[in-house]
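Hi everyone, thanks for coming. Have a look at the structure on the screen, and then I'll walk you through a sheet and a helix.

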Amino acid sequence: MTSVLRPRSARARAQDYATFVAGVREDAIRQGIDAGILQRALNLSTPNAQVIRLDRTQPEFHLTWAQYRQRVITARKISDGRTAVMAQRALLDQALTRYNVAQAAIAGIWGLESGYGAHMGTFGVIDALCTLAYDGRRAKFFHDELMKALRILGMGDIAPEQMIGSYAGAMGQPQFMPSAYLRYAVDMDGDGRRDIWHSTADVFGSIASYLSQSGWVSDEPWGQQVTVPDTLPQSMLGRAQSRTLQEWMNAGVRQVDGSAFPRTDMRGAILRPDGVGGESFMVYRNFNAIRRYNPSDFYALAVGLLGNEIT
């Protein structure tokens with residue numbers, strides 16, 4: 001089971017790991033984290049071979065946009081999202097009132113990241129981060145995230161045993177890394193803890209906080225599907241090629257139903273992920289705010305489209 005980690009004896013590996021964890025404990029104590037909490041948290045960790053295996057064998061997906069869209073925006077995901085949002089409408093409205101972001105964006109992120117809270121991951125976050133920091137492939141990054149996770153435990157927001165997430169340490173329903181949690185997570189239900197695992201209010205508030213601090217512009221859409229002439233050169237497309245909608249209309253771009261854009265002074269950029277013949281989208285400033293959550297055009301498009309279908 002542990003042979004994936006290092007080609008040394010099991011006893012030597014255990015000693016190495018114990019030495020590493022002792023160093024982590026010393027660092028955390030110097031930062032003022034409670035020794036009792038540290039003991040509980042670090043006692044949960046052993047070199048986790050499954051974490052290493054998943055980290056080293058991440059599948060390389062080379063999907064077209066059409067394939068990705070079909071995979072992640074399913075009829076089931078849309079139906080589940082509508083049910084989940086309807087059940088939590090009051091909490092969602094509370095987050096929207098506080099942060100003035102779009103409900104569709106919150107719903108889309110919630111759906112893609114954890115299936116509306118159903119799939120948060122099954123790994124102990126401290127165990128996963130300890131293992132990855134020890135393994136060394138991205139040691140500094142994971143060591144920093146580990147120290148931040150221990151700091152969160154020291155704040156009392158979650159018990160060590162309940163801090164679960166992905167094999168890479170992304171936590172709770174919004175799948176925040178510890179650094180994102182410290183920056184964006186909020187206590188919207190007012191119980192004194194920022195609980196992105198169990199409190200739907202805190203989940204919605206934290207996603208909204210993330211978008212708000214990432215530059216969300218109220219009363220402006222994230223984007224929309226459009227029609228683009230096949231003759232429009234690829235050099236005019238991409239997120240960096242921003243023009244007014246009037247300029248785009250002069251180039252033959254229209255809304256997907258063929259009509260003109262109602263606000264010709266707005267600026268947008270065109271994405272045509274699969275090239276000529278594929279779908280085209282006009283994206284606005286809020287698309288970049290979603291992209292701050294996950295720097296992928298496919299992801300941000302999927303969040304926007306799923307959110308639109310749900311809401």
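Let's start with a definition: two strands pair if DSSP finds at least two bridges between them. Strands (E, at least two residues) and helices (H or I, at least four) are DSSP runs, numbered from the N terminus. This is a predicted model, where local features need pLDDT of at least 70, side-chain atom pairs count only at pLDDT 80 or more, and totals for chains, interfaces and linings use all residues. Residues are numbered from 1 along each chain as its sequence is written, and side-chain values use heavy atoms, with hydrogens and water left out.

Okay, the sheet. Strand β6 (residues 267-271) pairs with β7 over three antiparallel bridges, and Ala269 has Val283 as its bridge partner. On to strand β3 (residues 223-227): four bridges join it to β7, again antiparallel, with Val226 partnered by Ser280.

So what is the order of the strands in the open sheet? It goes β4-β6-β7-β3-β5. β4 (243-244) and β5 (254-255) are at the edges with a single partner strand each, so one side of each has no neighbour in the sheet.

Back to β7 (residues 280-283): Ser280 and Met282 point one way, Phe281 and Val283 the other, and all are buried, meaning under 20% relative accessible area with a 1.4 Å probe, protein chains only.

Now helix α2 (residues 35-42), where Ile37, Leu38, Ala41 and Leu42 are buried. Looking down the axis of α2, the buried residues fall within an arc of 115°, so they line one face; that arc is taken from the directions from the helix axis to the C-beta atoms.

Conventions:
Buried means under 20% relative accessible area, exposed over 50%, partly exposed in between (1.4 Å probe, protein chains only).
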